[in-house]
Amino acid sequence: MLEFFNIKMIYAICFFVAGHCLGWYAHNLQFVNEFWKDKVVLPTIIFGIPCLLAFWWGTKFAMEASGELWTARFVAAVFSYLTFPIMTWWYLGESMFTLKTISCVFLAFCILLIQIFVK
């Protein structure tokens with residue numbers, strides 16, 4: 001497990017979390033604040049490029065850490081289940097504590113455990 005969480009994988013996870021946060025803002029600020037309601041291009045410009053760079057660097061570091069693109073993909077997907085529920089609850093008050101959401105989060109972390117422990 002410690003070999004999975006080497007410094008490059010930690011960097012990858014940080015970039016993936018940042019990318020998911022930026023992506024959340026780009027897609028969902030329209031529901032948080034009236035100012036963003038009908039704006040499409042502005043959040044795309046403000047959040048899109050940094051989001052793309054975060055995912056690019058996250059993938060680069062995950063590949064250097066694991067050598068497998070599938071690992072990078074699954075790690076990125078799992079950490080979307082960390083950011084999306086928290087940000088959606090924080091900004092919109094939607095609970096992540098429903099059977100459906102908790103089940104999906106549990107399954108996402110099972111995927112992460114498979115990536116960590118299965119060679």
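Q: In which helix of this predicted model is proline 85 found?
A: The model is a predicted one, and its helix assignments place proline 85 within a run covering residues 69–92. The helix that holds proline 85 is α3.

Q: Is proline 85 buried or exposed?
A: The relative accessible area of proline 85 is 6%, and buried means under 20%. Because 6% falls under that cut-off, proline 85 counts as buried.

Q: Which residues is proline 85 in contact with, leaving aside its neighbours within four places in sequence?
A: Contact here means heavy atoms within 4.5 Å. Once the neighbours within four places in sequence are set aside, the contacts of proline 85 are Ser80, Met96 and Val105.

Q: How are α1 and α2 oriented to each other?
A: Helix α1 spans residues 7–32 and helix α2 spans residues 41–66, and the two pack with their axes 7 Å apart at an angle of about 155°. Angles over 145 degrees count as roughly antiparallel, so α1 and α2 are roughly antiparallel.

Q: What residue classes make up the contact of α1 with α2, and how many residues does each have?
A: The two helices meet in a left-handed crossing. By class, their contact has two charged and six polar residues, and the nonpolar residues number 20.

Q: How are α1 and α3 oriented to each other?
A: The axes of α1 and α3 come within 8 Å and cross at roughly 45°. Since that angle falls in none of the ranges for roughly parallel (under 35 degrees), roughly perpendicular (65 to 115) or roughly antiparallel (over 145), α1 and α3 are oblique.

Q: How many nonpolar residues does the contact of α1 with α3 have?
A: α1 passes α3 in a right-handed crossing. The residues of their contact include six polar and no charged, while the nonpolar ones number 18.

Q: What geometry does the pair of tyrosine 25 and tyrosine 91 have?
A: The structure holds 15 aromatic pairs, and in this one the ring centres are 5.7 Å apart with the planes at 75°. Tyrosine 25 lies in helix α1 and tyrosine 91 in helix α3, so the pair ties together parts that are 66 residues apart in sequence. Planes over 60 degrees apart count as edge-to-face, and the pair is therefore edge-to-face.

Q: Which residues form one aromatic cluster with Tyr25 and Tyr91?
A: Tyrosine 25 is partly exposed at 22% relative accessibility, and tyrosine 91 is partly exposed at 33%. The cluster that holds Tyr25 and Tyr91 also contains Trp24, Phe35, Trp36 and Phe47.

Definitions and conventions:
Residues numbered from 1 in each chain as written. Predicted model: local features only at pLDDT ≥ 70, side-chain atom pairs only at ≥ 80, totals over all residues. Heavy atoms only, no water. Axes fitted to C-alpha atoms, helices over the stretch in contact; angles between N-to-C directions. Helix = DSSP H or I, 4+ residues; strand = E, 2+ residues; numbered from the N terminus. Left-handed = near helix turned anticlockwise from the far one by under 90°. Nonpolar A, V, L, I, M, F, W, Y, C, P; charged D, E, K, R; others polar. Buried < 20%, exposed > 50% of the residue type's maximum accessible area, 1.4 Å probe, protein only. Phe/Tyr/Trp six-rings, centres within 6.5 Å; stacked < 30°, edge-to-face > 60°.
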